[in-house]
Amino acid sequence: MITGTTPASTAREELGRFSGTLIGPEDGEYGEARKVFNAMIDRRPALIARCANPDDVAAAVGFARDHELRLAVRGGSHNGAGLGTCDDGVVIDLSLLRDVEVDPEARTVRVGGGCTWGEVDRATNEHGLATPSGIIATTGVGGLTLGGGLGHLTRKCGLAIDNLLEAEVVLASGEQVRASAEENPDLFWAIRGGGGNFGVVTSFTFQCHPLGPIVAFAGVFHPVEDAENVYRKFRDWASTAPDEISALIGCTTLPSSENIPPEIQNTPFIVTGAVYAGDPEEGMKVIQPLREIGNPIADISGPLPFVGVQAAFDEFFQRGTLRSYWKSTYVEELTDPILDIITSKIGDRPHDRVFVVTFFMGGAINRVAVEDTPYSERSANWMVSIDGNWTDEADDDKVISWVRGVWGEVHEHGTGTTYLNFTGVADEAATVGVESAFDKANLQRLEEIKGKYDPDNFFRLNNNIPPPS
């Protein structure tokens with residue numbers, strides 16, 4: 001029972017050895033501490049347990065369980081669906097778990113569960129190494145990895161989960177275990193795409209790959225009026241691109257900034273972007289035909305530090321500044337009907353910051369067998385994500401409806417699979433997209449493993465996979 005006047009005061013009484021910080025609504029730092037990436041999410045947890053070590057995590061899990069309080073887990077606060085927080089329950093905040101240890105000889109990196117990818121990139125790049133990560137440096141390692149992990153290196157090196165070697169996990173019982181191919185292999189399998197359903201991951205160890213510190217980068221901007229030409233020629237260029245190339249094409253509008261060309265500020269544009277995971281000189285040759293498409297209004301391509309590429313657009317996606325609702329779907333190929341949908345819709349975006357983006361998949365991603373990880377989409381060569389971003393609450397219904405409509409049209413042409421890391425939650429249940437994210441056999445296996453490690457579904461504030469009934 002809650003013995004203090006609030007859950008936070010009770011936690012202070014009961015968790016005497018807690019090394020981190022216990023924050024409640026009565027504390028001055030509570031307002032900032034409860035913020036998450038998506039400004040549409042305005043939840044008020046009863047307790048934020050900012051953990052300093054795995055023992056703190058175990059203590060917070062035990063406190064929530066013993067007092068029958070809902071539990072959410074937050075790493076980088078970047079979850080678009082807002083699943084890292086809750087009303088009236090406990091939030092485990094991992095932001096103090098930020099150690100990064102690189103082993104240059106073994107080409108591995110051990111990462112605290114609260115790290116962001118920018119912190120990992122900076123540490124590994126000092127040794128000419130990198131591991132597949134996201135496309136925004138402020139994204140948390142934990143959430144991105146547990147959902148799959150798409151980024152600038154994935155066609156060459158695979159997804160983040162394909163490079164995960166082991167993890168330290170706090171279970172619903174409070175027990176701390178290691179998950180790897182040798183220890184608790186079923187748990188290790190489950191966390192590579194099964195999300196936060198099985199425990200709190202306090203550290204990850206990844207395989208690294210030689211890279212940089214300089215990479216060949218393409219960032220070419222075109223007028224929206226040339227969308228049909230640019231999209232089709234981008235598709236044609238990608239069809240012959242080597243695995244070293246990871247790329248995207250999208251449409252959005254960005255505000256004024258000293259960090260982007262003046263020609264694209266406050267004006268809609270098409271951007272084609274690419275990174276070559278290999279020799280920069282050779283990479284610039286491969287990228288050159290991309291730069292020759294159409295009549296660009298700006299081109300920031302060139303050999304650039306990989307850490308700079310990763311952080312290039314961070315300022316436009318700061319925590320708590322945008323309301324967000326995203327939906328994604330995979331397609332085997334960018335057919336003309338799909339491109340017709342995309343190019344006809346991008347001129348009608350309901351807000352400047354809406355980002356319609358298509359990611360080039362395939363390569364190393366598709367050389368992993370479906371049954372090897374829960375993440376099941378190992379055949380599609382493209383993913384289309386309709387990222388609704390806006391600022392005014394009055395526009396919620398308009399933007400969400402538009403995102404759903406465009407997504408639905410593209411989804412009809414797709415594989416039927418969705419990417420849970422890019423799946424928004426508005427009035428839907430948190431389970432939205434779960435069945436379509438996994439192969440049927442993989443989902444059944446996830447449910448069985450859930451029943452073993454979390455039979456009471458204690459970890460349920462996520463893209464939830466309930467145990468067998």
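1. **Ground rules.** The model is predicted: local features need pLDDT of at least 70, side-chain atom pairs count only at pLDDT 80 or more, and totals for chains, interfaces and linings use all residues. Residues are numbered from 1 along each chain as its sequence is written, and side-chain values use heavy atoms, with hydrogens and water left out.

2. **The four-stranded sheet.** The strands of an open sheet of four follow the order β1-β2-β4-β3, with mixed pairing. β1 (21–23) and β3 (71–74) are the edge strands; each has a single partner, so one side of each lacks a neighbour in the sheet. From one strand to the next, the twist averages 20°. Strands here are DSSP runs of E, at least two residues, and helices are runs of H or I, at least four residues, numbered from the N terminus. Two strands pair if DSSP finds at least two bridges between them.

3. **Inside that sheet.** β2 (residues 47–50) and β4 (residues 90–93) run parallel and are joined by four bridges. R50 stands opposite D93 in β4.

4. **Helices on the sheet.** Helix α1 (residues 7–14) packs on the sheet and touches β1 and β2. Its direction makes about 155° with that of β1. α3 lies across β2, β3 and β4, and runs at about 170° to β4. Angles run from 0 to 180 degrees between N-to-C directions, with axes fitted to C-alpha atoms, for helices over the stretch in contact. Contact means heavy atoms within 4.5 Å.

5. **Burial of α1.** P7, A8, S9, T10 and A11 are buried in α1. Buried means under 20% relative accessible area, exposed over 50%, and partly exposed in between, with a 1.4 Å probe and protein chains only. The cover over the buried residues of α1 includes β1, β2 and α3.

6. **Strand β18.** This strand (residues 355–360) is mostly covered, with six of its six residues buried. F355, V357 and F359 point one way, and V356, T358 and F360 the other. In a regular strand the side chains alternate between the two faces of the sheet. Strand β13 (residues 245–252) runs antiparallel to β18, joined by four bridges, and L248 stands opposite F359. Strand β19 (residues 382–390) pairs with β18 in the antiparallel sense over six bridges. S385 in β19 is the bridge partner of V357.

7. **Helix α11.** I338, L339, I341, I342 and T343 are the buried residues of α11. Their cover includes α8 (227–238), β17 (323–331), β18, β19 and α12 (396–411). D340 also lies in α11 (residues 336–345), but is partly exposed, with a relative accessible area of 40%. The C-alpha atoms of D340 and V410 are separated by 9.9 Å, although the two residues are 70 apart along the chain.

8. **Cavities.** A search of the whole structure finds three cavities of 30 Å³ or more. A cavity is a set of points on a 1 Å grid over the protein atoms alone where a 1.4 Å probe fits but cannot get out; lining residues have an atom within 4 Å of a point. Grid points are joined across faces, edges and corners, and volume is the space filled by probe spheres set on the points. The second largest cavity holds about 80 Å³. Its lining residues include Y330, Y375, E377, Y419 and F438. By class, the lining has six nonpolar, five polar and one charged residues. Ala, Val, Leu, Ile, Met, Phe, Trp, Tyr, Cys and Pro count as nonpolar, Asp, Glu, Lys and Arg as charged, and the others, Gly among them, as polar.

9. **Second largest pocket.** A pocket is an open set with protein on both sides within 12 Å along at least five of seven lines. The lining has seven nonpolar, one polar and seven charged residues.

10. **Backbone points to check.** The peptide bond from G212 to P213 is cis, with omega near 15°. P213 lies in the loop between β11 (209–210) and β12 (214–223). D88 is not a glycine, yet has a positive phi of about 65°. D88 lies in the loop between β3 and β4 and counts as exposed at 59% relative accessibility. N266, also not a glycine, has a positive phi of about 60°. N266 sits in the loop between β13 and β14 (269–276) and counts as exposed at 52%.
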